[in-house]
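The entries below are in the order in which I made them.

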Amino acid sequence: AGAGFRTATAGNVAGAWAGIREHQPDLLLLDVNLPDGNGFEICQQLQQAPGLGRIPVLFISANDDLTAKVRGFGSGGVDYISKPLAGAEVLARVGTHLRLKQAYEELVELQAQRLDRLAAAQQKSMPQPQDLPEARFQVALKQKLEAGGDFYDVIASGENSVDYLVADASGHDLGASYWTAALKALVAEYANPLNSPADVLRALNIALERILPSGAFFTLIYARLNRRSRRLSLANAGHPPAIITTAQNREPLILWQEGDVVGAFPDPVFGVAEMTLRPGDRLFLYSDGVVENGGSIFDGVSRLATACQAHAENTLADLVPSVLDEVTAGHDAADDRVLLAVDA
């Protein structure tokens, strides 16, 4: 206490746990040998206790044996001080580990703030239905991380035409979210009436193949819908198939397409399709996290198509979150999830 630290003491295992839970200490000086147990066991249990695993533990012991020291570090301790104790040494080590803990917590906070900013920027880059009412779409997005590798965009690409795309960057780490920003910028450059959806994918591939790191790529589905004629053009780059449902409650249409991914090969081949939608039809685009919930991809897509058709009487605003929750219920999010729906 004379060194400026507030302290609390305990003489046994039970007292140690009571003090830890009550005081939530910044650091723990722990004797190896206690009347009702040993410090190694406390340290091991501490690592597994919610909210307590980051408390640095410094062991104190008269046993200077190498095996004991190795066990101390193996149980999660950050230091091992042998008796007899030198007060100045103990204070120096305590101060060092408190500074390291503070630096670590500041780094974590800095990373959290950075992630928050990145997530906010990424979310802002993806339009909301109220931003483009003429596009008549709704979307639900659930990311494993606050900023992730799944991405969607909706762009007014020409008179009466709107482009809709859903993409999935390889990898689930934070780095994938940076490549979605590059994709966003490139799509804005190439989405225009002069380029068909397949043309856009080819242009994206040329640019992304040059800048993506080895092994990185996007799967992507790109749809262009003429809002007046209801003519739909699709291009698929290794992505799960689009789904179309009808107002007449007929069987949903699953548009299976083969295609290479974007950004991995110099001369990819993309799946293309064209058709005319009818009044009341709805188009669904989504990421693989929506349909990879156990079983085959075919089962997952079929389950999603059935759920979309079953909710055909609902507005898109009600349908999209309901269907996403329904088809992913009971499955932990191992990947990002995007479900985008469009009224024809």
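What follows are my notes on the model, from the overall figures to single residues.

**Ground rules.** I am reading a predicted model, in which local features need pLDDT of at least 70 and side-chain atom pairs count only at pLDDT 80 or more, while totals for chains, interfaces and linings use all residues. Residues are numbered from 1 along each chain as its sequence is written, and side-chain values use heavy atoms, with hydrogens and water left out.

**Confidence.** I looked first at pLDDT (the predictor's confidence in each residue, from 0 to 100) and noted a mean of 87 for the protein, with 89% of its residues at 70 or more. Confidence is lowest in helix α4 (residues 87-125), where the mean is 73, and highest in strand β14 (residues 282-286), where it is 98.

**Overall make-up.** I find eight helices and 15 strands; helices (H or I, at least four residues) and strands (E, at least two) are DSSP runs, numbered from the N terminus. Of the 344 residues, 46% are buried, where buried means under 20% relative accessible area, exposed over 50% and partly exposed in between, with a 1.4 Å probe and protein chains only. Taking contact as heavy atoms within 4.5 Å, I note that residues 24 or more positions apart account for 66% of the contacts with a separation of 6 or more.

**First sheet entry.** I traced an open, antiparallel sheet of five strands in the order β7-β8-β9-β10-β13, counting two strands as paired if DSSP finds at least two bridges between them. β7 (150-158) and β13 (271-276) are at the edges with a single partner strand each, so one side of each has no neighbour in the sheet. The twist from one strand to the next averages 15 degrees. β7 pairs with strand β8 (residues 161-169) over eight antiparallel bridges, D150 standing opposite D168 in β8. The two strands form a hairpin with two residues between them, and N160 in the turn has a positive phi of about 70 degrees. Further along, six bridges join the antiparallel strands β9 (residues 218-226) and β10 (residues 231-237), and L220 has A237 in β10 as its bridge partner.

Helix α6 (residues 197-211) lies across β9, β10 and β13 and runs at about 150 degrees to β9; axes are lines fitted to C-alpha atoms, for helices over the stretch in contact, and angles run from 0 to 180 degrees between N-to-C directions. Beyond its neighbours within four places in sequence, L204 is in contact with L183, L186, V187, Y190, L220 and V262.

Another open sheet of five strands has antiparallel pairing in the order β6-β15-β14-β11-β12. Its edges are β6 (137-142) and β12 (253-255), each with a single partner strand, so one side of each is left without a neighbour in the sheet. Strand β11 (residues 242-245) pairs with β14 over three antiparallel bridges, and I244 stands opposite L283 in β14. Helix α7 (residues 297-310) lies across β11, β12, β14 and β15 (337-343), at about 30 degrees to β11.
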